[in-house]
Amino acid sequence: MKKRDLLSKMILLVIICCLKTQAAFAFDTWWHAECTRKAMTGNGFSADARLATQFSNYLTDFFPAFNMANEKLEKAGIRQLQLNGDLSYDYMHFDAIYTSTDMEKNWDLLLNNTIRALRKYADGSLVRPGYHLPVLFNIIGASLHTIQDFYSHSNWVNLHTAAGTNPAPIWYDVPAGERKKLSLFTGAYPDGSSAGHKNHADLNKDCSTRSLNKEAVAAAEKASIDWVKRLMDSVTTVPWAKLKAYNIQ
């Protein structure tokens, strides 16, 4: 590797680490990884399957951080780093939803779109040889990241804890009619982007030092296990047995 290439990669890592500290737009990587680990092992997946899903789950934070780094470099008049960051990942963090009605819509969209994506790639005909199972792991991992963020970025845990419900239930544990009675919202992201609404920084439970982090993690872990089972039950055309037995070799 050329020294210049190595230096660029080192700079990239430093920038991303700094941005992650400042932005804190999702659970710490540790919590996302733990929730995803429990979701996969709890549903009978192999260690390699779990690792593949954890990697995809992590990319949901990596690309937004990378895109943010490039934006800052561009404003500073510095040549952007080349990685072709996927902008779609910027929208997969369960932020900027301010009503219970929109919250219901977002959950429905997330479930329906995930099911649609799994069905689309279920038989592997649209994927190059050798990429079929990793594509499916990517869909599962990215969708897991989004539902995990719901428990960290919304006031769901706040409301249930204040009502004396501990541990907090997961989304699907509460009937739709009861959910609609709750005044649900998430924080504005980026901070200050929506006047009159709480900011992400005020509401998130992303790290261990934040209030209600433990409660949010507990709910996200249970929800992650439920989510993977829900996908398995909903899309029977996916080769789940192959995914469960996945060996990267």
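Biologist: Which elements do the buried residues of α9 pack against?

Modeller: Start with the terms. Helices are DSSP runs of H or I with at least four residues, strands are runs of E with at least two, and both are numbered from the N terminus. Contact means heavy atoms within 4.5 Å. Buried means under 20% relative accessible area, exposed means over 50%, and partly exposed lies in between, with a 1.4 Å probe and protein chains only. Now the case: the buried residues of α9 pack against α2 (29-41), α4, α5, α6 and α10 (240-244).

Biologist: What kind of model is this, and how are residues numbered?

Modeller: This is a predicted model, in which local features need pLDDT of at least 70 and side-chain atom pairs count only at pLDDT 80 or more, while totals for chains, interfaces and linings use all residues. Residues are numbered from 1 along each chain as its sequence is written, and side-chain values use heavy atoms, with hydrogens and water left out.

Biologist: Which residues of α9 are buried?

Modeller: Among them are Asn213, Ala216, Val217, Ala220, Trp227, Leu231 and Met232.

Biologist: Where does Lys229 stand relative to Asp233 in helix α9?

Modeller: First the general idea. An α-helix has 3.6 residues a turn, so residues three or four places apart point the same way. Lys229 and Asp233 are four residues apart in helix α9, so about one helical turn separates them. Their side chains meet in a salt bridge, 2.9 Å from N to O. A salt bridge is a side-chain nitrogen of Lys or Arg within 4 Å of a carboxyl oxygen of Asp or Glu. Lys229 is partly exposed at 45% relative accessibility. Asp233 is exposed at 52%.

Biologist: How many salt bridges does that rule count?

Modeller: The count is seven salt bridges. One of them joins Glu104 and Arg179, with the closest N and O atoms 2.9 Å apart. Glu104 lies in helix α4 (residues 100-120) and Arg179 in helix α7 (residues 176-179), so the pair ties together parts 75 residues apart in sequence.

Biologist: Are Glu104 and Arg179 buried or exposed?

Modeller: Both Glu104 and Arg179 are buried.

Biologist: Which residue forms a salt bridge with Asp173?

Modeller: Lys222 does, with the closest N and O atoms 3.1 Å apart. Asp173 sits in the loop between α6 (156-162) and α7, and Lys222 sits in helix α9 (residues 213-234). The two are 49 residues apart, so this pair links distant parts of the chain. Asp173 is partly exposed at 42% relative accessible area. Lys222 is partly exposed too, at 45%.

Biologist: What describes a pair of aromatic rings?

Modeller: The distance of the centres and the angle of the planes describe the pair. Rings of Phe, Tyr and Trp (its six-membered ring) pair if their centres lie within 6.5 Å; planes under 30 degrees apart count as stacked, over 60 as edge-to-face, and the rest as tilted. By this rule there are 13 aromatic pairs. Phe150 and Tyr151 form an edge-to-face pair, 4.8 Å centre to centre, with 80° between the planes. Phe150 and Trp156 form a tilted pair, at 5.7 Å and 55°. Phe150 is buried, with a relative accessible area of 0%. Tyr151 is buried at 1%, and Trp156 is buried at 0%.

Biologist: Which residues do ring pairs link into a cluster?

Modeller: Phe94, Trp107, Phe150, Tyr151, Trp156, Trp171, Tyr172 and Trp227 form that cluster.

Biologist: Which residue lies over the face of Tyr172?

Modeller: Arg230 does, at 3.7 Å from the ring centre. A charge sits over a ring if NZ of Lys or CZ of Arg is within 6 Å of the ring centre and within 35 degrees of the ring normal. Likewise, the charged end of Arg128 sits over the ring of Tyr131, 4.6 Å from its centre.

Biologist: How many helices and strands does the protein chain have?

Modeller: The protein chain has ten helices and zero strands. Of its 249 residues, 45% count as buried.
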